[in-house]
Amino acid sequence: MGIKIVSRQLSGEYEKVLRREQRSFMTGNEVVAWAALAAGADLMYGYPITPQNEIMHYWARLTPHFGRGFLQTEDEMSAGFAMPGGALVGKKTFSATAGPGNILMQEPIAMAEMMRIPGVWIIQQRGGPSTATVIYSQQELRLTATGGNGEGLRIVYSTASHQELFEYTIKAFNSAWRYRFPTFVLGDGYQAKMREAVTLFRPENRGWELVPAEPILCLPGVPARDRDPVHLRNTFNLEEELYTRLMDQLAVYERIAPEVTEWEAEVPPEPEVLLVAHGIVARAARQAKESLNRQGWKVGYFRPVTVRPFPGQALRQIAAASPNLRLLVVESAYGQLLAMVKAELYGLTNPVDSLLKPGVGITAEEIAAAVDQTEEGEAVS
Amino acid sequence: MTEGQKPVLQETPGNTKLPLSWRKETKPHRFCPGCGHGIALKALGEVVDELGILDRVLYGCDIGCSLLSWDFFNFDNIQTHHGRTIPVIVGAKRARPELIGIAYMGDGGGYAIGAQHLVNAAQRGEKITAILANNTLYAMTGGQMAPTTLPGQKTGTTPYGREEAKTGLPMLGPELVAAIAPEGSYVARATVGEYQQLKKYLQKALLNQMTGGGFSFVEVLSTCPTNWRTNAKQTWAFLQGEMPRYYKVGEFRTADAPPGEEEG
Amino acid sequence: MVAEKTWKILIAGEGGQGVQSIGELLAEAAFQAGKEALYIPNFGVEQRGGVSIAFVQIAEGSIGAPKFQKADLVAVLSERAGERIKGYLRAGTIYLYDQSAFKPPVIDDRTVGIQGYETVAPEAFARMTGAEPGPPPRPPAADGVRLVGIPAAQVAKTELTNRVFNIIVLGAIVQLIQVLSPAQVEAAIEKKFGEKFRAKPELKTWNLQALAKGLELVAAPEPVRS
Ligand SMILES: Cc1ncc(C[n+]2csc(CCOP(=O)(O)OP(=O)(O)O)c2C)c(N)n1
Ligand code: SF4
Ligand SMILES: [Mg+2]
């Protein structure tokens, strides 16, 4: 399915930006709006919160020209619950939020998770807890990956550049509608507000197939005459009913996890240190790695792209191959990624160090300095 | 029934003919004997039959005893979260305007935890039909005070009776919605005690959506003998005698009566 | 640390001075010139007042973290901003500042943009720069900083117009970093303000003259070393 151009007014812009694959210079929020357009999103339901506001602004500006929809709801719960409403009747719906809004979103996300209703959420992390800052953090990792009162059957892509914001937003729509688990693009305030280069494109031009949205409710025909009525619920009378349902869902999730999981790894022979970071911090980690390599350090780099499902096996293999390899986990949060890493390495003896700076950015220089400290890290087991 | 209890089987009161849009496989239904939800939903089923819209209805039910209707009808259903049925139906209606969206909820769902959704959907003139069963308390959780509990009424959380000074007076939902909804809205309060009038109001509420009028809202005075701890006679007396002292039955906004002009 | 030279540039001033426009234009010009470029404003919850800071990085290779701890060049447009960004200085940082003998501008709070974005910067600045002479701002006492003072506000006021004050500063930065051609910066200015220029052609003349002035102001005297 392509983009239906309703008005000619913006179609010129569209031709230029998407079809000609022109390199553009813009903010991450703007990139997300274009990506949603390219991914064939039909409707955005949203509630204002910094630093994601401009996604709504750009989307609201684009929609009338492309026959898409936007509604500003009374709060994040309303936006989150309107999403499955639209998805159930066959439309691609999405929202964007951050911080306290991400907390309120957890309720509808839990329902989508239970009922396997597709939806895409863009999370532009801000400082926490509470209102904290509107600027930046990586403190919403745990909430986004495993929030809610369930098992965290979600797909979460943590992006590190505008190009990735664009590509993974499109991918998120595909994953959401292919696998029917709530799907997230985990960005942050820096990615939201900064400007850098990006090449926007029509996914179809790259041979990317867009997964169509199929209605789950309100299919053609008179219910009970032409077809059975569809009755969906998230409430069960018996423990056993829930257990059976959940075990089925977990089996599906575990089956699809290997094809969903993505990571980046660069490991030199006989590595001494492995930098582990996700999202925007991974950029600094990679730079630190390169500069340390030039100084003769045998430093590797590992970046989970999907933080849920987590590429644990890949990480574990690297660590297990070099028992003396020291890991340095770097994040703008106080141990959220670290906990995931340690869980995956359980039983191995690799020392694990960390550079944890909740709510502030981390530079390549700081990471390089942390590697330089010769102290032994603590072992995981 | 209360959360965790086994379903209690019962016959539908009054007319024993089942509406076409009722799903026979799931009858008898799961409400307690004498529960008003069953009557309200029977009226809704008959109205859907009469309007011939079975193929276009999307029905959403809340958490509360309304959830027991998740497989009640022959139309498609989404059972949502406590208080969140309005946004789900709004989301679907905005996505597919040709559908007829019905959000069915209790007084706790509509006036307490989900009040912001009712108020804002009404104020935006969302083209959906919201139906709210007012049984003066939180039934499914075992009978606690709701915004609609009558002064002096005993509930699990007002064991000595609701005191105005501490917890206010009963919430007047249709009056509130009528005051804020834009032109084209339909707002009424019906009662399971007046079946034909209840049907008439539900029909008008659906017709208003079908003709693109605007937001439609019907509060239905309902019964909960289980949590009221009343027998058949006492239940009827409370519904017909006590509740109308605070809750005026009638239409508050119709297509012909512009905002501000109440009908009776 | 990094093989390819990355220019880390910090611009700091009062809200309404056009700080973010400088940042945006620099990054846009670098992008147009085929370099890697990243610009990010500082933003917070306050809707008005405060020091406005823009972070810009220009590189041949890839860019890491969006913000940085030490700058290669800082452009300081008010004394208060100078205080605020002290931590970003290192030995060798180029410290470009406005040494015009004017009182620091009085900020009209209503004109400061939302959450760090200035929407009406040049116009607002034109209204609020006081004509009143005052002492020139004191340069910082940091060690090893290369001081470059320019009379940007004075030149804007006496030779052009207050509105293009920030473009003079932009010109000076371009001259100091030596990685962008004037034509590339002119193209970025045209892209950002093209519509305004069409409505008011003299704006374009002022802007281009301001850019040329800025380039000149630091080209003439050798940067002062402290
Ligand atoms: C977020 C949340 N809070 C609390 C509950 C528990 N709960 C279930 S039903 C209910 C009250 C239902 O009362 P009402 O809406 O009046 O419906 P009724 O059962 O009376 O028909 C509550 C509080 C819940 N399911 N979800
Ligand atoms: S509302 Fe009351 S009577 Fe009706 S099903 Fe619930 S508990 Fe039973
Ligand atoms: Mg109730």
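A polar contact, as the term is used in this tour, is a pair of N or O atoms within 3.5 Å. With that cut-off in mind, and remembering that the model is predicted, begin at the ligand.

**Stop 1: ligand 1 and chain B**

Select ligand 1 together with Leu137(B), where a polar backbone atom of the residue is 3.1 Å from an oxygen atom of the ligand. Taken alone, the ligand exposes 590 Å², of which the protein buries 77%.

Now widen the selection to the 16 residues around ligand 1, among which His37(B), Cys65(B), Asp107(B), Gly108(B) and Gly109(B) come nearest. By type, this shell divides into seven nonpolar residues, eight polar ones and one that is charged. If you colour chain B by secondary structure, you will find that helix H3 (107-113) and strand S5 (137-138) each supply at least two residues of the shell, and that the largest share, four residues, comes from H3(B).

**Stop 2: the sheet of chain A**

Move to chain A and display its strands in the order S3-S2-S4-S5-S7-S6-S13, which together form an open sheet of seven strands with mixed pairing. The edges are strand S3 (69-72) and strand S13 (306-308), each of which pairs on one side only. Neighbouring strands of the sheet are turned by 25° against each other on average, direction ignored.

Zoom in on strand S2 (residues 43-46) of chain A, which runs parallel to S3(A) and is joined to it by four bridges; here Gly46(A) stands opposite Gln72(A). Next, show helix H3 (residues 53-66) of chain A, which packs on the sheet and touches S2, S3, strand S4 (93-97) and strand S5 (120-125) of that chain, its direction making about 135° with that of S3(A).

**Stop 3: backbone details in the loops of chain A**

In the loop between S2 and H3 of chain A, select Pro51(A), which is joined to Thr50(A) by a cis peptide bond with omega of about 10°. Another cis peptide bond, with omega of about 5°, joins Gly128(A) and Pro129(A), and Pro129(A) lies in the loop between S5 and helix H6 (141-146) of chain A.

Finish at Glu270(A), found in the loop between strand S10 (263-266) and strand S11 (273-276) of chain A, where phi is near 45°, a positive value in a residue other than glycine.

Notes
Residues numbered from 1 in each chain as written. Chains lettered and ligands numbered in written order. Predicted model: local features only at pLDDT ≥ 70, side-chain atom pairs only at ≥ 80, totals over all residues. Heavy atoms only, no water. Near = heavy atom within 4 Å. Polar contact = N/O pair within 3.5 Å; in protein donor to acceptor, adjacent residues only side chain to side chain. Areas by Shrake-Rupley, 256 points an atom, 1.4 Å probe, with all protein chains shown as cover. Nonpolar A, V, L, I, M, F, W, Y, C, P; charged D, E, K, R; others polar. Pairing = 2+ DSSP bridges. Axes fitted to C-alpha atoms, helices over the stretch in contact; angles between N-to-C directions. Contact = heavy atoms within 4.5 Å.
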